[in-house]
Amino acid sequence: MSRWFQVLTLQTLLLFITISCAKKQENIIDQLPKKPNVLFAIADDATWKHFGAYGCNWVKTPNFDRVAKNGLLFMRAYTPNAKCAPSRSCIITGRNSWQLEAAANHSPNFPEKFKSYVEVLDSSGYSVGYTGKGWAPGNPGIKNGEERMLTGKPYNQYKTEPPTTHISSTDYAKNFETFLEDKPKGEAFCFWFGALEPHRSYEFGSGVEKGRKKINAIQEVPLFWPDVDTVRVDMLDYAFEIEYFDTQLGKMLETLQERDELDNTIVVVTADNGMPFPRAKGQSYEYSNHMPLAIMWPNGIKQKGRKVLDLVSFIDFAPTFLEVAGIAHGDSGMAPITGKSLTEFFYSEKDSIVNSKRDYALLGKERHDVGRPNDLGYPIRGIIKGDYLYLKNLKPDRWPAGNPQTGYLNVDGSPTKTYILNTRRNNSPKKYWQFNFGKRVEEELFNITKDPYCMNNLATNKSYDSIKTALGLNLMKKLTEQKDPRVLGDEFIFEEYEYFGKVNNFYNRYLAGEEIQTSWVNKTDFEPNFNEEDE
């Protein structure tokens, strides 16, 4: 047998195997009695480590753990942008935030040109709805004379008595039941369960008093916060609200099981961004962008109970849902999707790494909350690859958490925030203030395997120059391919988009003496006499 013939035969065999595998994946969907349902459950402000399946023992999440045990647990899932509105914009469009014009920002006017996957499913025979918090905050826009339903028809009419004064009174589980009763019998559904927990604010001490939690049960306090009772009690209040979200999820799973719908429902459980504490939510570190993610689909996931180590992104959800619904992207009317479908993980039997090409994740931010002169943002671009997180702070002269004079508005008010601010005011060591609120250098590089708290910036260490350079070039290549305006020379466009809401132009109005409502921070957060020269 000639060498040429051997090579040709091998190539033919490989092609046959590839085609067969593709057909096998397609047939899983084709052979189902009906299109799969989708239950997308998203907590509001929760870091990945604080769910039981990841080894956390001071936050009890039996229902998240159930989904992971009977499906897949993703160990390296990231949101591209760690703030509510831009993170949710990435989810519903399948595009990174710098590809979404005004929707790159927090509280934007959502661009008319970008269609959500929910709108596509709605026009393709699915019943769609949501309870709690859908895409928000911001202006979704108008379609056919009515407000756009980017995450479906709202179901928020049923209320309940919440366990604390700050947990939402919306009866999520009851509203989900109502949605199921309303939809036509036999019709597939796509439902968005957007909890408002564990978003701030909390009933202080509720984790201890009502959750019966012990402050010494916390395994670790992040190194960028002081390990004091105030911080630990705050963390337990946060834990209590995660557990409330998990309880509501459990009720929904039971409802689906009782209706014989669970087996054919893709249940996705995640959060939109990291915990609402300093240096987490709204920033670009591990505690900001690394998200919990468990997916269960009894009819479609081949080998349950696996842990997936591939890097995946929130932009991968939209193409996944379109694929399982049998909708080709060309027929969807959506802008080109950057994400890649997650179905390869459903059909695989591999643990650990399934696709070696999923070896990076991109992240970044533009304007989150206001509070800087002229509503300027704090632009960042970054890449995670291998053990490393590389960040490029594009405007390091600005305050990353917001200006001190206007209350560091990109950090929610909290006992932890107040305690750390007071360490500087009381002439205590300023290291915690610097970690959480101080200005940053232009480049940051962290080994997130050895340094998950992102405390040791390796960018200034010459031993890591080659790694830093390679990651920077890779980041620029990807951003250029994705036509990021900041890379292509239109760096001011994100600053020009209007902030939707009553607090626009906050800095200038506040310094002029106007009183403006800022319910998400405390009055004591403001430092009108802050003198940068003293730092």
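1. Burial. In this predicted model, buried residues account for 59% of the 535 residues in the protein chain.

2. Overall dimensions. The radius of gyration of the protein chain is 23 Å, which agrees with the value near 24 Å that a compact globule of 535 residues would have. Along the principal axes, the C-alpha atoms occupy a box of roughly 80 × 60 × 50 Å.

3. Secondary structure and contact range. The protein chain contains 17 helices and 17 strands. Of the contacts between residues at least 6 apart in sequence, 74% connect residues at least 24 apart.

4. Helices α2 and α7. Helix α2 spans residues 62–69 and helix α7 spans residues 229–258; their axes come within 7 Å and cross at roughly 50 degrees.

5. Residues at the helix contact. On the α2 side, the contact involves P62, N63, F64, R66 and V67. Their partners in α7 are D246, T247, L249, G250, L253, E254 and Q257. By class, the residues of this contact comprise five nonpolar, four polar and three charged.

6. A sheet of three strands. The strand order is β10-β3-β13 in an open sheet with mixed pairing. Strands β10 (290–291) and β13 (312–313) are the edge strands, each pairing on one side only.

7. Pairing of β3 with β10. Strand β3 (residues 77–78) runs antiparallel to β10 and is joined to β10 by two bridges. Within this pair, Y78 lies opposite H290 of β10.

Conventions:
Residues numbered from 1 in each chain as written. Predicted model: local features only at pLDDT ≥ 70, side-chain atom pairs only at ≥ 80, totals over all residues. Heavy atoms only, no water. Axes fitted to C-alpha atoms, helices over the stretch in contact; angles between N-to-C directions. Helix = DSSP H or I, 4+ residues; strand = E, 2+ residues; numbered from the N terminus. Contact = heavy atoms within 4.5 Å. Nonpolar A, V, L, I, M, F, W, Y, C, P; charged D, E, K, R; others polar. Pairing = 2+ DSSP bridges. Rg over C-alpha atoms; globule rule 2.2 N^0.38 Å. Buried < 20%, exposed > 50% of the residue type's maximum accessible area, 1.4 Å probe, protein only.
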